[in-house]
Amino acid sequence: MKNLPFSKDYINGFAKKFGLDDLGKATIREIVGMVNFIQEDSGVPFFRMEMGVPGLNPPEVGINAEIDALKRGVASDYPMVDGIKPLKEEASKFIKNFINTDIRSESCIPTVGSMQGGYASFLMCGNIDPKKDTALFIDPGFPVQKQQFKVLNQKYESFDVYNFRGKKLRDKLETYLKNGNINSIIYSNPNNPTWVCLTDEELQIIGELANKYDVIVIEDLAYFAMDFRVDMSKPGEPPYQPSVSKYTDNYILLISSSKAFSYAGQRLAVTAISDKLFHRKYGPLRERFGADEFGYTFVLRSIYSLSSGVSHSAQYALAAMFKAANEGKFNFVKSVREYGERAAIMKNMFTDAGFTIVYDTDIDKPIADGFYFTISYPGMSGGELLEALIQVGISAIALDNTGSTRSEGLRACVSQIGLDKMDALQERVELFKKINRG
Ligand SMILES: Cc1ncc(COP(=O)(O)O)c(C=O)c1O
């Protein structure tokens with residue numbers, strides 16, 4: 001086993017092998033691959049903060065429902081492309097109970113993760129109007145979605161929300177929307193990578209502008225109800241998950257089972273399309289896909305072509321988890337609250353060692369403790385900081401890739417650092433401090 005810290009030459013050797021000239025520009029999967037090699041070669045286990053994999057056990061209620069479904073033999077049957085009835089119905093109730101928004105079950109479509117829900121939504125939005133050929137990301141964002149745009153060969157623009165919070169968001173959005181070429185606005189809330197949570201005022205601005213300029217808002221709720229500053233865990237009772245669906249009918253919600261339900265491995269999410277948008281007809285959709293209704297085309301052209309539906313048994317799992325949550329028998333928020341506890345400890349650890357939280361507030365409130373947080377260190381770029389952390393056996397990703405203008409920052413994910421690992425992480429952070437102080 002090698003001793004820490006690793007030399008810069010040692011790390012650069014691996015970076016070269018992976019073709020990474022600048023660690024600040026490396027993708028999540030590239031960092032994962034490189035760190036796997038360093039771990040194996042050095043024998044030193046890393047503190048892995050680079051990838052957002054759920055670090056908690058999947059809920060029993062989901063596993064049992066899936067096992068039962070498999071035992072009933074669903075594995076041999078193709079599921080309907082638009083999803084099994086129990087999941088569609090429970091999804092609709094879940095949205096009512098936890099967002100207080102009405103969406104009919106027909107408009108709730110299971111997808112192979114929110115990755116597929118996003119991809120299919122981007123494809124649809126890019127084909128509703130030839131003049132509107134560009135999407136707009138409120139960044140920082142989840143880098144793979146930009147990759148999806150490359151694969152789709154569709155255009156996007158983006159801006160970093162850092163300097164445009166609150167009322168300032170309206171003017172900033174209008175600078176893009178008034179050009180007439182934007183078909184959709186995309187953001188995650190809570191946000192990956194910064195854990196910024198857009199306020200109701202900001203969501204109202206987005207909704208009003210979506211109405212004014214007739215654009216579709218794709219609201220990615222991958223971290224549903226995980227702003228732990230407020231308890232959104234009680235079905236049918238406020239506070240609810242904030243959502244643009246309060247302010248416009250032009251929306252698509254992406255609700256993933258991966259993080260809020262620790263069910264990432266089964267690749268299941270629900271894309272919920274507003275009832276009005278679901279039934280809206282667009283002439284250009286007919287030209288491209290031979291059908292003009294948005295919802296119909298989403299299901300029977302897009303999802304049918306991509307995967308012909310979603311794993312049959314996993315749909316029963318999510319249906320059971322939604323049902324238990326809807327009936328107040330399963331507190332899904334409580335089951336992931338530990339991420340917030342981890343983040344609080346880790347943020348203190350890093351700030352005590354001289355780091356700064358980059359995205360530190362939601363306008364006038366300190367940023368919540370959740371799945372991710374962002375850090376920088378005085379005098380270092382994101383790439384340099386990442387290298388310095390790798391020297392002491394800690395990995396993360398640079399914000400550069402996420403559409404952030406804060407190139408000095410890194411994203412740290414708490415999911416793989418259990419509460420039992422905090423003391424050992426502290427030792428590594430102390431070592432970093434000793435090497436880099438002054
Ligand atoms: C913002 C965001 N959207 C979508 C996803 C992907 O979700 P899924 O696992 O459901 O495909 C993630 C996963 O990290 C995410 O952070």
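## Before we start

Residue numbers start from 1 along each chain, following the sequence as written. Since this is a predicted model, local features need pLDDT of at least 70 and side-chain atom pairs count only at pLDDT 80 or more, while totals for chains, interfaces and linings use all residues.

## Two domains

The protein chain is split into domain 1 (8-45 + 337-436) and domain 2 (60-326), with bounds that come from an automatic or database domain assignment. Their centres, taken over C-alpha atoms, sit 29 Å apart.

Where they meet, 23 residues of domain 1 are in contact with 24 residues of domain 2. Contact here means that the C-beta atoms of two residues, placed from the backbone, lie within 7 Å. On the domain 1 side, strand β12 (residues 372-376) gives the largest share, three residues. Strands (E, at least two residues) and helices (H or I, at least four) are DSSP runs, numbered from the N terminus.

## The seven-stranded sheet

Now for an open sheet: its seven strands come in the order β2-β8-β7-β6-β5-β3-β4, with mixed pairing. Two strands pair if DSSP finds at least two bridges between them. β2 (108-111) and β4 (155-160) are the edge strands, each with a single partner, so one side of each has no neighbour in the sheet.

## A covered strand: β7

How many residues of strand β7 (residues 251-256) are buried? Six of its six are, where buried means that 20 or more other C-beta atoms lie within 10 Å of a residue's own, all placed from the backbone. Tyr251, Leu253 and Ile255 are buried on one side of β7, and Ile252, Leu254 and Ser256 on the other.

Strand β6 (residues 216-220) runs parallel to β7, joined by four bridges, and isoleucine 218 has isoleucine 252 in β7 as its bridge partner. With β8, β7 runs antiparallel over five bridges; serine 256 stands opposite alanine 269 in β8.

Note on methods
A residue is buried if 20 or more other C-beta atoms lie within 10 Å of its own, exposed if 12 or fewer, and partly exposed in between; C-beta atoms are placed from the backbone.
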